[in-house]
Amino acid sequence: MGMVSLKQVMIIAGETSGDLHGAQLVQAMRRHRPEIVFIGMGGTAMAAAGVRILVDAASLSVVGITEVLGRAGAILKGYRTIRQALRRFRPDLLILIDFPDFNLRVARTAKFLGIRVLYYISPQIWAWRTGRVRTIRKRVDHMAVIFPFESCFFQSNAIPVTYVGHPLLDHPWPEVKVPNNNPYPVIGFLPGSRKQEIERHLPVMLKSIPLITRCFDKARYLVAPADKTQHRLTDAMIKARGVLPGACEIFDGGARAIFPRCHLVLAASGTVTLEAAIAGVPMIVIYRVSPLSYLLGRIMIRVSYISLVNLIAGREIVPELIQNEVSPEKVAHEVVAMLTGEGRLDTVRRELSVVRKRLGVGGATERVADLALGMID
């Protein structure tokens, strides 16, 4: 019996969601090929899945263009570590997950060394910085994309692509039933998963409470922080705002824990808006970055909406408040309009079920695992 040649895969993720998708992918690949050695950059989930972590992604995760400058040192150090590892280990495959500014640079080194590159979860280049298509064509061997419209985009740009479906659908999602037993509306606050996002969004959400209370004096509010650190930050902000005790409750367990309890959620633009859509919970999407990031973004952005929900629907099915529109008055106005509009919540729920159908069925992780294993052999 001949020796099995040990295969090595480098996998790189930069955000919490990327870390989770990366961990699921490693587990799926391991089920078929337990002997593969995984190294790379990620967080606690990827480490738990057995990836040897060379760079901790938590030290690099930022949002917005100006915010990146503050972490430039850590990002550069991480990049150097990964580049050295590519030269030293010469892995059989490099898997990149989202995190484009970092990952496309790493891809250049891989290309130079003749290492094959699979990119899972595309940077949103169809939305902005369309010039990156050329970079991807030069540096990436195959794209595994999670939205149907992305595969058309890459095909038309002559880049090998496979539409794998959305990893969020790999787990069964119960359809959330409307909380009818509440005589008063329950509103969820999902300010984002990063510290900067919480600091930008949560105070506005909390300031909207007294304004909403004028129309709905018994309304209740739920906040769902992602972890203990966020719980403390959220708690401190609620106390500092002097919100009435009992009016605003912190709920552990993340967004999914509050979906079944809410009539509607206020959500920072991001994956959580898709989670709400899959769960069938009406939402108002808000987003704020630093003024400079916004200005630079405005110049580069090519799409009419910022939320994935509206992008997938191809029209505005949920309201979006961006940058200066993110004010307590505007937020309260949209909340009240959605709660009082005749049949408005039902209409939004119906349209969200269409978005859910468009996302396809589960099995994304398995499909990517098959792709990756095919590229190794």
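**Figure 1. Met 10 in strand E1.** Met 10 counts as buried because its relative accessibility is 0% (buried means under 20% relative accessible area, with a 1.4 Å probe and protein chains only). Its place is in strand E1; strands are DSSP runs of E with at least two residues, helices are runs of H or I with at least four, and both are numbered from the N terminus. Leaving aside neighbours within four places in sequence, Met 10 is in contact with residues including Ile 39, Gly 40, Leu 54, Ile 82 and Ile 95 (contact means heavy atoms within 4.5 Å). Met 10 and Leu 96 are 86 residues apart in sequence, with their C-alpha atoms 8.5 Å apart in space.

The model is predicted: local features need pLDDT of at least 70, side-chain atom pairs count only at pLDDT 80 or more, and totals for chains, interfaces and linings use all residues. Residues are numbered from 1 along each chain as its sequence is written, and side-chain values use heavy atoms, without hydrogens and water.

**Figure 2. Helix H1, residues 16-32.** H1 has 17 residues and reaches 25 Å from its first C-alpha to its last, close to the 24 Å expected at 1.5 Å a residue (the expected span is 1.5 Å times one less than the number of residues). Among the buried residues of H1 are Gly 18, His 21, Leu 25 and Met 29. The buried residues of H1 pack against strands E1, E2, E4 and E5 and helices H2 and H16.

**Figure 3. The largest nonpolar core.** This core has 101 residues, and those with the most contacts inside it are Met 29, Ile 95, Tyr 120, Phe 189 and Phe 259. A nonpolar core is a set of buried Ala, Val, Leu, Ile, Met, Phe, Trp, Tyr and Cys residues joined through side-chain atoms within 4.5 Å. A second, separate core of 33 residues includes Ala 57, Leu 60, Phe 99 and Leu 113.

**Figure 4. The second largest pocket.** A pocket is an open set of points on a 1 Å grid over the protein atoms alone where a 1.4 Å probe fits, with protein on both sides within 12 Å along at least five of seven lines; lining residues have an atom within 4 Å of a point. The volume, about 220 Å³, is the space filled by probe spheres set on the points. Of the 16 lining residues, the closest to the centre are Ile 209, Thr 213, Val 243, Leu 244 and Ala 247. Helix H8 gives the most to the lining, with five residues.

Note on methods
Buried means under 20% relative accessible area, exposed over 50%, partly exposed in between (1.4 Å probe, protein chains only).
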